[in-house]
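Please read this short briefing with the sequence and the structure side by side.

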Amino acid sequence: MAILESRTRPPLLDEALAHGGPIIVFDDVHLAFDDKVILRNVSFTLQTGHTKIFLGASGAGKSTILRLILGLLKPDAGQIFVNGEQIDAMSEDELMAVRGDLGMVFQEGALFDSLTVRENVGYKLYEEMNWPMDKADARVKEVLGFIGLAEFIERKPSELSGGQRRRVAIARAMAAKPRILLYDEPTTGLDPITAITVDEEIMKLRDLEEVSSILVTHQLRDAFFVAEHMAVRRGSDIAFEKVSGDKADEAEFIMLRDGKVAFEGNAGELRAATKTDPYLEAFLS
Amino acid sequence: MAIPLENWLKAALLEVQEYVRMLGKVGRGCVTRPFYIRDVIEQFDAIGIGSLTVVLLTGLFTGMVLALQMGITLDVFGARSMVGRLVSASIVKELGPVLTGLMVAGRVGSGIAAELGSMMVTDQIAALRALGTDPIRKLVVPRILAGLVMVPILTVVASGIGMVGGWMVTVGLLRVASSVYWNSVVQGLFIQDVWMGLIKPFFLGFAIVSIGCHVGLRTSGGTQGVGRATTNAVVASSVAVIAVDYLVTQVLILLMY
């Protein structure tokens with residue numbers, strides 16, 4: 001059974017946003033806080049089912065892009081389209097509907113301290129979508145099983161390790177079956193084994209559930225792992241193998257430098273660019 | 001010198017603007033869906049029942065010390081039997097609402113600022129918005145409703161127990177008959193006093209909780225910021241209690257006396 005189901009969209013829009021359609025579009029977006037310019041004329045398109053991986057130094061504006069997509073921040077100039085709707089001029093109430101199709105994994109998880117894992121993961125289902133309790137509970141158990149943390153359902157976030165908290169945050173983001181998932185440094189501060197587990201969850205959602213994703217990270221190893229591997233179902237098991245052909249183009253890197261897009265391309269193109277661009281070479285070395 | 005003053009004025013105006021905007025959203029949140037009834041009930045418990053002990057102790061000792069002091073003063077005029085009148089008038093009109101307000105400001109105002117401040121700096125408020133929840137409706141409206149309802153109730157409790165404290169001292173130490181004390185208590189109260197004691201806490205409760213929420217939601221700067229927000233919330237809401245008490249008293253005197 002597919003973990004993610006489609007939310008109702010007008011048929012024409014649904015057709016336009018099918019696999020490869022432009023599910024997130026940034027057009028010439030500009031943002032500054034007082035005198036400090038965060039983003040300068042940033043444009044990119046995320047296609048349905050694809051992944052964009054944002055790299056860049058601290059303060060380059062990577063996390064800000066995720067907050068703009070969610071509507072937590074508004075751009076000073078430019079247009080942002082999410083799921084076929086222009087969100088840059090929307091009110092907070094209108095944005096609530098757009099956020100129904102978005103899931104976000106925050107840097108430190110941002111789990112609600114006072115709630116259990118069950119309540120955190122099912123928050124949107126219980127509080128905002130008014131699912132019947134038994135249906136919501138079944139969904140919570142399903143996603144916790146998907147990320148391998150079913151036995152921690154009654155624990156509080158303070159009783160979990162950093163990696164487990166990150167995975168619960170992924171479960172919370174995917175529980176309401178969004179079409180788009182945004183990951184803000186999901187593996188920062190994790191040991192390599194746990195980081196790989198989180199990477200595999202990201203790939204499973206992308207490759208098996210057709211979730212479009214944007215990944216912001218500093219961890220080059222994780223970024224290349226997610227870009228160059230794919231999840232495939234083999235009977236009841238899930239395997240991860242190296243991508244090839246057109247599939248390699250479905251994960252693209254965007255390098256931000258001083259708020260501008262300094263590079264955009266797939267993993268192979270990024271490696272090739274390091275030979276001609278000293279900044280990219282220094283960043284990736 | 002001019003630049004820091006200008007910056008301070010701008011920052012102060014920004015705070016006022018954001019506070020008024022928050023109140024506007026609270027007004028909308030009170031009359032339009034969605035409502036978070038469970039959170040409202042939780043806050044009634046946290047603010048009301050949670051503050052009961054501190055309010056009871058404050059009311060009791062205030063009534064006791066008031067009777068003791070009044071006894072000494074009234075003895076000069078040979079009017080010890082009038083202690084009840086002074087205790088009831090002071091407690092019901094002023095000390096009950098103000099001391100309850102100050103206690104709630106210390107306990108609840110700081111708690112709200114610390115809780116919401118921690119949620120701000122750990123991105124939990126952003127996570128709420130990302131999950132489709134309006135933090136004003138989910139976090140602020142229930143707290144303000146609880147403040148509006150529970151602070152008046154706590155004030156009635158504090159005033160009541162204050163008069164009992166006064167009775168204990170008057171009968172036990174000042175050797176005034178119990179019936180004389182209670183008769184004096186009733187004589188000292190007019191209906192306007194009771195209304196004043198009931199109306200003021202609504203404004204105090206609203207001021208304390210709304211300031212705590214505003215300061216909490218404006219927190220930035222990590223754990224240090226949370227500490228700063230907590231201190232600011234207690235200081236601002238304590239001053240607001242005294243200031244609002246004066247203003248509301250002034251208006252009520254004009255309207256009722």
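In this predicted model, Lys52(A) has Ile214(A) of β8(A) as its bridge partner, and helices and strands are here DSSP runs (H or I of at least four residues for helices, E of at least two for strands), numbered from the N terminus. Residues are numbered from 1 along each chain as its sequence is written, while chains are lettered from A and ligands numbered from 1 in the order in which they are written. Because this is a predicted model, local features need pLDDT of at least 70 and side-chain atom pairs count only at pLDDT 80 or more, whereas totals for chains, interfaces and linings use all residues.

**The sheet of chain A**
- Strand β3 (residues 51–56) of chain A and strand β8 (residues 212–216) of chain A pair in the parallel sense over four bridges, where two strands pair if DSSP finds at least two bridges between them.
- An open sheet of six strands in chain A, with mixed pairing, runs in the order β6-β7-β8-β3-β11-β12.
- Its edge strands are β6 (102–105) and β12 (260–265) of chain A, each of which pairs on one side only, and the twist averages 15° from one strand to the next.

**Two helices of chain A**
- The axes of helix α7 (residues 162–175) of chain A and helix α8 (residues 192–209) of chain A come within 9 Å and cross at roughly 10°; axes are lines fitted to C-alpha atoms, for helices over the stretch in contact, and angles run from 0 to 180 degrees between N-to-C directions.
- α7(A) and α8(A) are therefore roughly parallel to each other, a label for angles under 35 degrees.
- Among the residues making this contact are Arg166(A) and Ile170(A) of α7(A) and Val198(A) and Glu201(A) of α8(A), with contact meaning that the C-beta atoms of two residues, placed from the backbone, lie within 7 Å.

**Where the chains touch**
- The contact between the chains takes 17 residues from chain A and 11 residues from chain B.
- On the side of chain A that touches chain B, the elements giving two or more residues are α3 (92–99), β6 and α5 (123–128) of chain A, and α5(A) gives the most, with four residues.

**Confidence of the prediction**
- The mean pLDDT of chain B is 95, and 99% of its residues reach 70 or more, pLDDT being the predictor's confidence in each residue, from 0 to 100.
- The predictor gives the complex an ipTM of 0.87 and a pTM of 0.89.

Note on methods
Angles under 35 degrees count as roughly parallel, over 145 as roughly antiparallel, 65 to 115 as roughly perpendicular and the rest as oblique.
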